Amino acid sequence: MVRIMAKRRVRFTFPEQLITEPLIYNLGRNFEIITNIRRANVQERVGWVVLELEGAEDEIDRGLEWMTEAGVRVDPIIGDLIEG
């Protein structure tokens with residue numbers, strides 16, 4: 001089976017109750033995705049991060065679905081623009 005490798009840029013916005021959870025670490029570990037943080041602003045009540053994800057395309061899709069189900073807002077980035 002041939003897996004399609006991909007790079008995808010996204011922005012995660014975390015609700016207050018999830019800011020201290022190791023979700024990005026778990027995303028990389030559970031779905032075998034490389035998570036390169038490009039920008040972030042994490043404070044006590046607000047948290048967002050712009051990442052470049054690298055890995056098998058189906059694993060990235062599964063990982064993003066998992067993040068959404070956990071309560072994280074996921075916005076794709078096209079070029080330099082954040083969608084959503």
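**Stop 1: the strands**

Select strand β1, residues 5-14, together with strand β3, residues 47-56; the two pair in the antiparallel sense over 10 bridges. Keep in mind that this is a predicted model.

Now pick Lys7 and look across to β3. Its bridge partner there is Glu54.

β4 pairs with β1 in the antiparallel sense, over four bridges.

Next, bring in β2. β2 and β3 also run antiparallel to each other, paired over eight bridges. Then trace the chain from β2 to β3. A hairpin of four residues makes the join.

In a regular strand, side chains alternate between the two faces of the sheet. Turn the view with that in mind.

**Stop 2: a glycine in β3**

Select Gly47, which lies in strand β3. Is Gly47 buried or exposed? Gly47 is buried, with a relative accessible area of 3%.

Show what surrounds this glycine. Leaving out residues up to four places away in sequence, Gly47 touches Phe12, Thr13, Phe14, Ile19, Asn41 and Val42.

**Stop 3: the nonpolar core**

In soluble globular proteins, nonpolar side chains tend to be buried together. Here the largest nonpolar core has 18 residues. Which of them touch the most other members? Select Phe12, Phe14, Leu27, Leu51, Leu53, Met67 and Val72. This core draws at least two residues from each of β1, α1 (23-31), β3 and α2.

Center on Leu27. With residues up to four places away in sequence left out, Leu27 touches Phe12, Glu32, Ile33, Thr35, Leu53, Gly63, Leu64, Trp66 and Met67.

**Stop 4: the two helices**

Two packed helices are described by the angle between their axes and the distance between the axes. Show α1 and α2 as cartoons. Their axes come within 10 Å and cross at roughly 145 degrees. The crossing of α1 past α2 is right-handed.

Now show side chains where the helices meet. From α1, select Leu23, Asn26, Leu27, Asn30 and Phe31. Facing them in contact from α2 are Glu59, Arg62, Gly63, Leu64, Trp66 and Met67.

**Stop 5**

Step to Glu32, in the loop between α1 and β2. Most residues other than glycine have a negative phi. What is phi of Glu32? The value is near 50 degrees, which is positive in a residue other than glycine. Glu32 is exposed, with a relative accessible area of 67%.

**Stop 6: salt bridges**

Side chains of opposite charge can pair when their charged atoms come close. How many salt bridges does the structure hold? The structure holds five. Visit three of them.

Begin with Asp61 and Arg8. Their side chains meet in a salt bridge of 2.8 Å, N to O. Asp61 is in helix α2 (residues 57-70) and Arg8 is in strand β1, so this pair ties together parts that are 53 residues apart in sequence. Color both by accessibility. Asp61 counts as partly exposed, at 39% relative accessibility. Arg8 is also partly exposed, at 23%.

Move on to Arg38 and Glu52, whose side chains form a salt bridge at 3.3 Å, N to O. Arg38 lies in strand β2 (residues 34-42) and Glu52 in strand β3, so the pair links parts that are 14 residues apart in sequence. Glu52 is buried, with a relative accessible area of 14%.

Finish with Glu59 and Arg62. The side chains meet in a salt bridge of 2.6 Å, N to O. Both residues lie in helix α2, three residues apart, or about one turn of the helix. Compare their surroundings. Glu59 counts as buried, at 11% relative accessibility, whereas Arg62 is partly exposed, at 45%. Glu59 and Arg62 are also among the α2 residues that meet α1.

Note on methods. Residues numbered from 1 in each chain as written. Predicted model: local features only at pLDDT ≥ 70, side-chain atom pairs only at ≥ 80, totals over all residues. Heavy atoms only, no water. Pairing = 2+ DSSP bridges. Salt bridge = Lys/Arg side-chain N within 4 Å of Asp/Glu carboxyl O. Buried < 20%, exposed > 50% of the residue type's maximum accessible area, 1.4 Å probe, protein only. Core = buried A, V, L, I, M, F, W, Y, C linked by side-chain atoms within 4.5 Å. Contact = heavy atoms within 4.5 Å. Axes fitted to C-alpha atoms, helices over the stretch in contact; angles between N-to-C directions. Left-handed = near helix turned anticlockwise from the far one by under 90°.
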